[in-house]
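Visitor: I have a structure open and would like to talk it through. Could we begin with the general layout and then go into detail?

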Amino acid sequence: MSKSDDHVERRKEKRLPVEEGAFVFFGSKPTMSGKITDISRDGLGFSYLASKCRTNASITLTLISLPHSFRFESLRAKTVTDFKIPGGDLASERRCGVRFDQLNEDQKAEIEEFANCCTLRADLNRPSIAET
């Protein structure tokens with residue numbers, strides 16, 4: 001059984017899928033990047049390419065949305081999960097889930113703004129991140 005098969009759902013908030021063109025940068029400078037797949041008020045998921053785990057217990061993130069010219073820097077998070085995607089398209093594709101850490105009110109508002117402009121929703125009557 002792979003790590004993804006025995007994953008126990010611990011999220012308190014529903015994750016919303018993110019549209020194409022949303023990326024996360026992480027690492028010490030930051031040197032690594034990944035594609036954001038989903039987001040909630042509490043955390044986000046992303047995929048990245050690496051032969052082994054490249055996230056630490058605590059990491060600093062920069063979120064970018066190219067279609068919306070959105071950039072959010074210095075977001076602290078804790079890694080919840082980081083595993084190789086079984087049967088993924090690429091041999092070194094990994095999936096990482098993080099929980100945001102020590103957010104101030106301005107950061108919470110920025111996450112809300114990012115989610116509201118960058119998530120996939122069927123129509124304009126879609127719920128915002130605050131309504132999930």
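**Fold and contacts**

Guide: Of the contacts in the chain with a separation of 6 or more, 54% are between residues 24 or more positions apart. Please keep in mind that this is a predicted model.

Visitor: Which residues have the most contacts inside the largest nonpolar core?

Guide: That core has 25 residues, and those with the most contacts inside it are I39, F46, L61, L63, V98, F100 and F114. Two or more residues come from each of strand 2, strand 3, strand 4, strand 5, strand 6, strand 7 and helix 1.

Visitor: Let us take helix 1, then. How many residues does it have?

Guide: Helix 1 covers residues 105-118, which is 14 residues. Its span from first to last C-alpha is 20 Å, close to the 20 Å expected at 1.5 Å a residue.

Visitor: Which residues of helix 1 are buried?

Guide: Q107, I111, F114, A115 and C118 are buried in helix 1. Seen down the axis of helix 1, the buried residues fall within an arc of 95 degrees, so they line one face of the helix. E105 and D106, on the other side of helix 1, are exposed.

Visitor: What do those buried residues of helix 1 pack against?

Guide: They pack against strand 1 (16-17), strand 2 (22-26), strand 3 (32-39), strand 5 (58-65), strand 6 (70-84) and strand 7 (93-100).

Visitor: Which side-chain oxygen reaches a backbone nitrogen at the start of helix 1?

Guide: A side-chain oxygen of N104 comes to within 3.0 Å of the backbone nitrogen of D106.

Visitor: I noticed S65 on the strand side. Is it buried or exposed?

Guide: S65 is found in strand 5, and S65 counts as buried at 1% relative accessibility. Leaving out residues up to four places away in sequence, S65 touches E19, G21, A22, F70, F114 and C118. Of these, F114 and C118 are among the buried residues of helix 1.

Visitor: Changing topic: how many aromatic pairs does a search of the whole structure find?

Guide: The search finds four aromatic pairs. In one of them, the rings of F26 and Y48 have centres 5.2 Å apart and planes at 80 degrees, so the pair is edge-to-face. F26 lies in strand 2 and Y48 in strand 4 (residues 43-49), so this pair ties together parts that are 22 residues apart in sequence.

Visitor: Are F26 and Y48 buried or exposed?

Guide: F26 counts as buried, at 0% relative accessibility. Y48 is buried as well, with a relative accessible area of 2%.

Visitor: And how are the rings of F46 and Y48 arranged?

Guide: Their centres are 5.8 Å apart and their planes are at 40 degrees, so the pair of F46 and Y48 is tilted. Both F46 and Y48 are buried. F26, F46 and Y48 form one aromatic cluster.

Visitor: What else is F46 in contact with?

Guide: Setting aside neighbours within four places in sequence, F46 is in contact with V24, F26, G34, K35, I36, T37, T55, R94, R95, C96 and V98.

Visitor: R94 is in that list. Where is R94 found?

Guide: R94 is found in strand 7. At 9% relative accessibility, R94 counts as buried. The side chain of R94 makes a polar contact with the side chain of D82, at 2.8 Å.

Visitor: One more arginine: where is R15 found, and is it buried or exposed?

Guide: R15 is in the segment before strand 1, and R15 counts as buried at 15% relative accessibility.

Visitor: Which polar partners does the side chain of R15 have?

Guide: The side chain of R15 makes a polar contact with the side chain of D38 at 2.7 Å. A polar atom of the R15 side chain also lies 3.4 Å from the backbone oxygen of V98.

Visitor: How far apart are R15 and A115?

Guide: R15 and A115 are 100 residues apart in sequence and 9.8 Å apart in space, C-alpha to C-alpha.

Key
Residues numbered from 1 in each chain as written. Predicted model: local features only at pLDDT ≥ 70, side-chain atom pairs only at ≥ 80, totals over all residues. Heavy atoms only, no water. Helix = DSSP H or I, 4+ residues; strand = E, 2+ residues; numbered from the N terminus. Expected span 1.5 Å × (residues − 1). Buried < 20%, exposed > 50% of the residue type's maximum accessible area, 1.4 Å probe, protein only. Arc of directions from axis to C-beta. Contact = heavy atoms within 4.5 Å. Polar contact = N/O pair within 3.5 Å; in protein donor to acceptor, adjacent residues only side chain to side chain. Phe/Tyr/Trp six-rings, centres within 6.5 Å; stacked < 30°, edge-to-face > 60°. Core = buried A, V, L, I, M, F, W, Y, C linked by side-chain atoms within 4.5 Å.
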